[in-house]
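Me: Please take a close look at the aromatic pairs in this structure and describe one part of them in a connected account.

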Amino acid sequence: LSKTDCITFTPKNRSYSTEVIEDTHMIAIHFNCLDENMFNIPFVLENSNQYLQKLFDAVFDSYSTDGSNNYGCYSHFYSLLCEIEKILRKNQEKKIIPEVLDAKIKIEKNFENNDFNIDSLVSTLSISSSYLRQEFKKAFSVTPIEYLKYVRLQKALSMLSSDYYSIDELAKACGYGSTSYFIQSFHKSTGYSPLKYKEKFFNHEK
């Protein structure tokens, strides 16, 4: 059911039907998630944020069937996802036990450290490894180790978009013990080596 100010999220490859029950309009945006494990359950977000509605309108107004003219649309879409993430995080944090929130924060702060792993994380918390995994998965739909890999990958993608870093520097900055392990992990997550990914997605002139 779609009604005013509701945002429906449906994972890829799931069929769905929508019934409009009010005199309103609907915008459907199809996009791929880099990490499909981060989003695998359909849900509806009821929104009361007027800024979010303006971003939806901006995405719609700036979209062009000519793909080369969509940079403004993509910018608005990125802002839209960031704003939705803030709302979801705020809603989630009300239901999450403090130790799990603490674990998430520590992962985000320490992922660049090659010596940082889930065992060292658990040693700083007052809960067991199995309980952390259970509650973290319940809260964020991924395990702590999956989230650590996700954060490191996001850092790698951010650095890869520039021409300032070598692959060795990039691996070290993202918390990988060796360049070969970084390349292997990156390929497993994206299907590309770091250089091939950069060539395909970041070298626009090619």
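Reply: Tyrosine 192 is partly exposed, because its relative accessibility is 28% and that class lies between buried, under 20% relative accessible area, and exposed, over 50% (1.4 Å probe, protein chains only). The model is predicted, so local features need pLDDT of at least 70 and side-chain atom pairs count only at pLDDT 80 or more, while totals for chains, interfaces and linings use all residues. Residues are numbered from 1 along each chain as its sequence is written, and side-chain values use heavy atoms, with hydrogens and water left out.

A search of the whole structure finds eleven aromatic pairs; rings of Phe, Tyr and Trp (its six-membered ring) pair if their centres lie within 6.5 Å, with planes under 30 degrees apart counted as stacked, over 60 as edge-to-face and the rest as tilted. In one of these, the ring centres of phenylalanine 186 and tyrosine 197 are 5.5 Å apart and the planes stand at 90°, so the pair is edge-to-face. This pair links distant parts of the chain, eleven residues apart: phenylalanine 186 belongs to helix H8 (residues 179-190) and tyrosine 197 to helix H9 (residues 194-201). Such helices are DSSP runs (H or I, at least four residues), numbered from the N terminus. Phenylalanine 186 is buried at 2% relative accessibility, and tyrosine 197 is buried with a relative accessible area of 11%.

Tyrosine 197 also forms an edge-to-face pair with tyrosine 192, at 6.0 Å centre to centre and 75° between the planes. Ring pairs join these residues into a cluster of Tyr176, Tyr181, Phe182, Phe186, Tyr192, Tyr197 and Phe201.

Definitions and conventions: Helix = DSSP H or I, 4+ residues; strand = E, 2+ residues; numbered from the N terminus.
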